[in-house]
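Work through the exercises below with the sequence and the model side by side. Try each task before reading its solution.

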Amino acid sequence: MAGAGEHRSDALPIHLQITEMMIRDIAAGRLVDGQKLPPERQMAQAHDTTVRTLRKALAELEAQGLLDRRQGSGNYIRAGEPTRAVYSMFRLEHAQGGGGLPRARLLSVGSHPKDAGQPAYGSADHGTRFRRLRFLDDTPIAVEEIWLDGGAGAIPPEMVQDSLYLTYKRALKLWITRAEDRVGLGIVPDWAPPDFTPRPGSTTAFIQRLSWAQTQDAVEFSRTWYDTDRALYVQRLV
């Protein structure tokens, strides 16, 4: 399963990759309430990992109330419970079938003055700018530009993880608690890499997000351009 992310130092641990993928599959209806999972050894082989690692993933699902482990019977999905998923705020899913494990390739990171196209947020006139190519599993589906307000602190490039929200927690003790998305159309930026199918200058689906942490003011602003042939924006109301 892990593929491109298995040996990367910035990727989630393998057991959490499995957990996150299964949580997203439950949300998308690919795993349904009461469904019995395959035997653990078979699942471990399917995810190209060890039974021990697979069991760590299942234990995390059980801790979140999403798995019923019945001695002598097997493991059964429990859907409908709130989760503490790393990617709970990641709204893009495979266009066909939903779900998919989010991954990211960091294109650049550094401190820059905020540009005129950004809304008011934070306390500084500059921020840390992250540019990334986003994947679902191994499929490139989006490019994103994320700005963390300079007043929140600086993050060394070597600490940047696949999940920026997890990075913020570890590097700055900063928890993103809510976000506001605005979805429309946008022009693909000139820095988009060749892996992203919509070419620079073309029009594609576009998301602007403001995110808040423990303070009253927003601390993060992001722009995401995504390929509608490969991904859909999904917001579920529960």
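**Exercise 1: Confidence**

Find the stretch where pLDDT (the predictor's confidence in each residue, from 0 to 100) stays under 50, and say how many contacts it has beyond four places in sequence.

Solution. pLDDT stays under 50 over residues 1-6, and for these residues the model has 17 contacts beyond four places in sequence, where contact means heavy atoms within 4.5 Å. Turning to the chain, its mean pLDDT is 92, and 96% of its residues reach 70 or more. This is a predicted model, in which local features need pLDDT of at least 70 and side-chain atom pairs count only at pLDDT 80 or more, while totals for chains, interfaces and linings use all residues. Residues are numbered from 1 along each chain as its sequence is written, and side-chain values use heavy atoms, with hydrogens and water left out.

**Exercise 2: Fold and overall form**

Determine how many helices and strands the chain has, and in which pattern they follow.

Solution. Begin with the count, which gives four helices and 10 strands, taken as DSSP runs numbered from the N terminus (helices: H or I, at least four residues; strands: E, at least two).

**Exercise 3: Burial**

State what share of the 238 residues is buried.

Solution. Buried residues (under 20% relative accessible area, with a 1.4 Å probe and protein chains only) make up 48% of the chain.

Notes
Buried means under 20% relative accessible area, exposed over 50%, partly exposed in between (1.4 Å probe, protein chains only).
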